[in-house]
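Reader: Could you walk me through the charged side-chain pairs here, once the structure is up?

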Amino acid sequence: MATTVADEKKNLRAIMIACRDALPGERAAAWSESVQRKVLASESYRDASAIVLYAAIGNEVSTDLILADALASGRPVFYPSIDVAGKTIVVRRIRDRAELVPGAYGILEPPPSAEVLDRKSFAKVLVCVPGVAFGIEGQRLGRGGGHYDRFIARLGGEAITVGLAFSFQLFDRVPETELDRRLNFIVTESEVHRACEAPLLARRTRTKEVNPGGSNHGNPGIHSWWRGLIHLGNIEPA
(Lines give C-alpha, C1' and ligand atoms only; values in the text may rest on other atoms or scores of the structure.)
Protein backbone atom coordinates (compact mmCIF):
# COMPACT_ATOMS: atom_id res chain seq x y z
CA MET A 1 0.00 0.00 0.00
CA ALA A 2 1.34 3.43 -0.96
CA THR A 3 2.45 5.68 1.85
CA THR A 4 0.66 8.98 2.36
CA VAL A 5 2.14 12.36 3.28
CA ALA A 6 0.69 11.84 6.78
CA ASP A 7 2.55 8.50 7.03
CA GLU A 8 5.76 10.12 5.87
CA LYS A 9 5.43 12.93 8.38
CA LYS A 10 4.66 10.51 11.21
CA ASN A 11 7.64 8.32 10.41
CA LEU A 12 10.08 11.20 10.03
CA ARG A 13 8.76 12.88 13.18
CA ALA A 14 9.32 9.73 15.24
CA ILE A 15 12.87 9.30 13.92
CA MET A 16 13.87 12.91 14.42
CA ILE A 17 12.42 13.23 17.92
CA ALA A 18 14.32 10.09 18.93
CA CYS A 19 17.55 11.48 17.46
CA ARG A 20 17.09 14.84 19.16
CA ASP A 21 16.24 13.24 22.50
CA ALA A 22 19.42 11.16 22.26
CA LEU A 23 21.63 14.26 22.21
CA PRO A 24 23.68 14.75 25.38
CA GLY A 25 22.33 17.76 27.24
CA GLU A 26 25.68 19.55 27.18
CA ARG A 27 25.92 19.27 23.40
CA ALA A 28 22.35 20.44 22.89
CA ALA A 29 23.02 23.45 25.13
CA ALA A 30 26.23 24.35 23.27
CA TRP A 31 24.57 24.06 19.87
CA SER A 32 21.57 26.04 21.12
CA GLU A 33 23.86 28.86 22.13
CA SER A 34 25.48 28.88 18.67
CA VAL A 35 22.09 28.98 16.96
CA GLN A 36 20.89 31.84 19.13
CA ARG A 37 24.05 33.88 18.62
CA LYS A 38 23.57 33.61 14.86
CA VAL A 39 20.02 34.93 15.27
CA LEU A 40 21.25 37.80 17.47
CA ALA A 41 23.84 38.72 14.84
CA SER A 42 21.33 38.71 11.98
CA GLU A 43 19.94 41.77 10.25
CA SER A 44 16.42 40.40 10.69
CA TYR A 45 16.83 40.41 14.46
CA ARG A 46 18.48 43.83 14.58
CA ASP A 47 15.68 45.37 12.50
CA ALA A 48 12.78 43.71 14.35
CA SER A 49 10.53 45.93 16.46
CA ALA A 50 8.98 42.93 18.24
CA ILE A 51 10.15 39.36 18.84
CA VAL A 52 8.09 36.17 19.08
CA LEU A 53 9.89 33.32 20.84
CA TYR A 54 8.90 29.91 22.20
CA ALA A 55 9.62 27.94 25.35
CA ALA A 56 11.78 24.97 24.35
CA ILE A 57 10.88 21.47 25.47
CA GLY A 58 13.32 18.57 25.73
CA ASN A 59 16.31 19.15 23.47
CA GLU A 60 14.70 21.79 21.27
CA VAL A 61 16.86 24.81 20.50
CA SER A 62 16.57 27.17 23.47
CA THR A 63 15.56 30.83 23.05
CA ASP A 64 16.67 32.10 26.48
CA LEU A 65 19.65 34.11 25.16
CA ILE A 66 17.44 35.83 22.60
CA LEU A 67 14.90 36.60 25.31
CA ALA A 68 17.53 38.18 27.56
CA ASP A 69 18.91 40.32 24.74
CA ALA A 70 15.49 41.44 23.50
CA LEU A 71 14.33 42.41 26.99
CA ALA A 72 17.57 44.27 27.65
CA SER A 73 17.09 46.24 24.43
CA GLY A 74 13.56 47.20 25.48
CA ARG A 75 11.81 45.41 22.63
CA PRO A 76 8.45 43.71 23.22
CA VAL A 77 8.70 39.93 23.48
CA PHE A 78 5.81 37.56 22.89
CA TYR A 79 5.34 33.82 23.45
CA PRO A 80 2.72 31.49 21.98
CA SER A 81 -0.32 30.26 23.87
CA ILE A 82 -2.09 27.25 22.38
CA ASP A 83 -5.73 27.89 21.52
CA VAL A 84 -6.97 24.30 21.85
CA ALA A 85 -10.48 25.05 20.58
CA GLY A 86 -9.26 26.99 17.55
CA LYS A 87 -6.27 24.68 16.98
CA THR A 88 -3.98 27.66 16.54
CA ILE A 89 -1.67 29.98 18.44
CA VAL A 90 -2.26 33.29 20.17
CA VAL A 91 0.93 35.18 21.04
CA ARG A 92 1.01 37.16 24.28
CA ARG A 93 3.58 39.54 25.73
CA ILE A 94 5.85 38.80 28.67
CA ARG A 95 8.28 41.10 30.47
CA ASP A 96 10.05 38.36 32.45
CA ARG A 97 10.51 34.63 31.85
CA ALA A 98 9.07 33.98 35.30
CA GLU A 99 5.65 35.00 33.93
CA LEU A 100 5.45 31.81 31.84
CA VAL A 101 3.16 29.08 33.17
CA PRO A 102 2.43 25.50 32.00
CA GLY A 103 -0.13 25.48 29.17
CA ALA A 104 -2.44 22.95 27.56
CA TYR A 105 0.35 20.51 26.62
CA GLY A 106 2.63 21.27 29.55
CA ILE A 107 4.61 23.80 27.48
CA LEU A 108 5.35 27.10 29.19
CA GLU A 109 3.28 29.99 27.87
CA PRO A 110 2.07 33.43 28.99
CA PRO A 111 -0.98 33.60 31.26
CA PRO A 112 -4.37 34.26 29.62
CA SER A 113 -4.38 37.80 31.04
CA ALA A 114 -1.22 38.79 29.13
CA GLU A 115 -1.36 41.35 26.32
CA VAL A 116 -2.05 39.86 22.88
CA LEU A 117 0.18 40.84 19.96
CA ASP A 118 -1.43 43.55 17.82
CA ARG A 119 0.26 42.92 14.50
CA LYS A 120 -0.53 46.44 13.27
CA SER A 121 1.40 48.02 16.16
CA PHE A 122 4.80 46.79 14.96
CA ALA A 123 6.48 47.44 11.64
CA LYS A 124 8.65 44.32 11.70
CA VAL A 125 8.01 41.20 13.76
CA LEU A 126 10.57 38.39 13.97
CA VAL A 127 9.01 35.00 14.74
CA CYS A 128 11.27 32.19 15.98
CA VAL A 129 9.72 28.80 15.27
CA PRO A 130 10.57 25.35 16.70
CA GLY A 131 10.38 22.18 14.66
CA VAL A 132 11.27 18.52 14.39
CA ALA A 133 12.76 18.71 10.87
CA PHE A 134 13.23 21.42 8.26
CA GLY A 135 13.89 21.68 4.53
CA ILE A 136 16.35 24.13 2.99
CA GLU A 137 13.49 25.74 1.02
CA GLY A 138 11.72 26.62 4.27
CA GLN A 139 9.65 23.49 4.79
CA ARG A 140 8.94 22.63 8.40
CA LEU A 141 7.80 19.47 10.17
CA GLY A 142 6.33 20.35 13.56
CA ARG A 143 4.88 18.41 16.45
CA GLY A 144 1.81 17.45 14.43
CA GLY A 145 -0.97 19.82 15.48
CA GLY A 146 -0.67 22.37 12.67
CA HIS A 147 -0.84 25.24 15.17
CA TYR A 148 2.13 27.16 13.77
CA ASP A 149 0.97 26.75 10.17
CA ARG A 150 -2.35 28.41 11.00
CA PHE A 151 -0.60 31.12 12.98
CA ILE A 152 1.92 31.89 10.22
CA ALA A 153 -0.89 32.00 7.66
CA ARG A 154 -2.47 34.87 9.64
CA LEU A 155 0.76 36.86 10.01
CA GLY A 156 1.05 38.13 6.47
CA GLY A 157 4.18 38.82 4.45
CA GLU A 158 5.68 41.53 6.67
CA ALA A 159 6.63 39.16 9.51
CA ILE A 160 9.94 37.30 9.24
CA THR A 161 9.77 33.63 10.25
CA VAL A 162 12.92 31.83 11.42
CA GLY A 163 13.17 28.12 12.14
CA LEU A 164 15.69 27.24 14.86
CA ALA A 165 17.30 23.83 14.46
CA PHE A 166 20.37 21.67 14.82
CA SER A 167 22.02 20.93 11.51
CA PHE A 168 21.10 17.21 11.59
CA GLN A 169 17.45 18.34 11.49
CA LEU A 170 17.94 20.06 8.12
CA PHE A 171 17.14 18.16 4.90
CA ASP A 172 16.97 18.83 1.18
CA ARG A 173 13.21 18.59 1.62
CA VAL A 174 10.61 17.24 4.01
CA PRO A 175 7.06 15.96 3.42
CA GLU A 176 4.49 18.75 3.15
CA THR A 177 0.95 19.48 2.05
CA GLU A 178 -0.76 22.60 0.70
CA LEU A 179 -1.79 23.50 4.27
CA ASP A 180 1.82 23.80 5.44
CA ARG A 181 3.62 27.15 5.54
CA ARG A 182 7.26 27.65 4.68
CA LEU A 183 9.68 29.79 6.69
CA ASN A 184 11.92 32.64 5.56
CA PHE A 185 15.10 31.42 7.26
CA ILE A 186 16.44 28.25 8.89
CA VAL A 187 19.24 28.86 11.41
CA THR A 188 21.45 26.03 12.66
CA GLU A 189 24.60 26.01 14.75
CA SER A 190 26.66 26.00 11.54
CA GLU A 191 24.72 28.03 8.96
CA VAL A 192 22.00 30.58 8.27
CA HIS A 193 19.87 29.42 5.33
CA ARG A 194 17.70 31.92 3.47
CA ALA A 195 14.74 29.79 2.48
CA CYS A 196 12.04 31.93 0.84
CA GLU A 197 10.89 35.53 0.58
CA ALA A 198 7.58 35.04 2.40
CA PRO A 199 5.71 32.36 4.40
CA LEU A 200 4.61 30.63 1.21
CA LEU A 201 2.07 27.91 0.71
CA ALA A 202 3.67 24.54 0.22
CA ARG A 203 3.82 23.26 -3.31
CA ARG A 204 1.01 20.96 -4.38
CA THR A 205 3.28 17.95 -4.67
CA ARG A 206 3.89 15.13 -2.25
CA THR A 207 7.33 13.93 -1.23
CA LYS A 208 7.89 10.21 -1.74
CA GLU A 209 11.25 10.18 -0.02
CA VAL A 210 13.17 12.42 2.34
CA ASN A 211 16.56 12.93 0.74
CA PRO A 212 19.08 14.41 3.18
CA GLY A 213 21.87 16.48 1.71
CA GLY A 214 25.57 16.93 2.31
CA SER A 215 28.33 19.49 1.93
CA ASN A 216 28.83 18.40 -1.67
CA HIS A 217 25.29 19.60 -2.40
CA GLY A 218 26.06 23.23 -1.69
CA ASN A 219 24.69 23.10 1.83
CA PRO A 220 27.38 22.54 4.48
CA GLY A 221 24.81 22.92 7.24
CA ILE A 222 23.42 19.45 6.46
CA HIS A 223 25.37 16.48 7.78
CA SER A 224 26.47 14.24 4.91
CA TRP A 225 25.91 11.07 6.93
CA TRP A 226 22.14 11.51 6.60
CA ARG A 227 22.19 10.89 2.84
CA GLY A 228 20.42 7.67 1.98
CA LEU A 229 19.62 6.91 5.63
CA ILE A 230 15.88 7.47 5.56
CA HIS A 231 13.57 6.03 2.92
CA LEU A 232 10.20 6.67 4.44
CA GLY A 233 8.31 4.31 2.21
CA ASN A 234 10.23 1.41 3.80
CA ILE A 235 9.65 2.37 7.44
CA GLU A 236 6.84 0.83 9.40
CA PRO A 237 4.54 3.40 11.02
CA ALA A 238 5.54 4.21 14.59
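Author: Gladly, and please keep in mind that this is a predicted model.

Reader: Where do Arg37 and Glu33 sit relative to each other?

Author: Both belong to helix α2 (residues 25-40), and since they are four residues apart there, about one helical turn separates them. Arg37 is partly exposed at 45% relative accessibility, and Glu33 is also partly exposed, with a relative accessible area of 36%.

Reader: OK, and how many salt bridges are there by this rule?

Author: The count comes to seven salt bridges. One of them joins the side chains of Asp180 and Lys9, at 2.8 Å from N to O. Asp180 lies in the loop between β10 (170-171) and β11 (185-187), while Lys9 is in helix α1 (residues 5-21), so this pair ties together parts that are 171 residues apart in sequence.

Reader: Is Asp180 buried or exposed, and what about Lys9?

Author: Asp180 is buried, at 6% relative accessibility, and Lys9 is buried as well, with a relative accessible area of 14%.

Reader: Switching over to Arg182, which residue does it form a salt bridge with?

Author: Its partner is Glu137, with the closest N and O atoms 3.4 Å apart. Arg182 is in the loop between β10 and β11, and Glu137 is in the loop between β7 (133-135) and β8 (140-141), so the pair links parts 45 residues apart in sequence. Arg182 is buried at 5% relative accessible area, whereas Glu137 is partly exposed at 30%. Through shared partners, salt bridges join Glu137, Glu176 and Arg182 into one network.

Notes
Residues are numbered from 1 along each chain as its sequence is written. This is a predicted model: local features need pLDDT of at least 70, side-chain atom pairs count only at pLDDT 80 or more; totals for chains, interfaces and linings use all residues. Side-chain values use heavy atoms; hydrogens and water are left out. A salt bridge is a side-chain nitrogen of Lys or Arg within 4 Å of a carboxyl oxygen of Asp or Glu. Helices (H or I, at least four residues) and strands (E, at least two) are DSSP runs, numbered from the N terminus. Buried means under 20% relative accessible area, exposed over 50%, partly exposed in between (1.4 Å probe, protein chains only).
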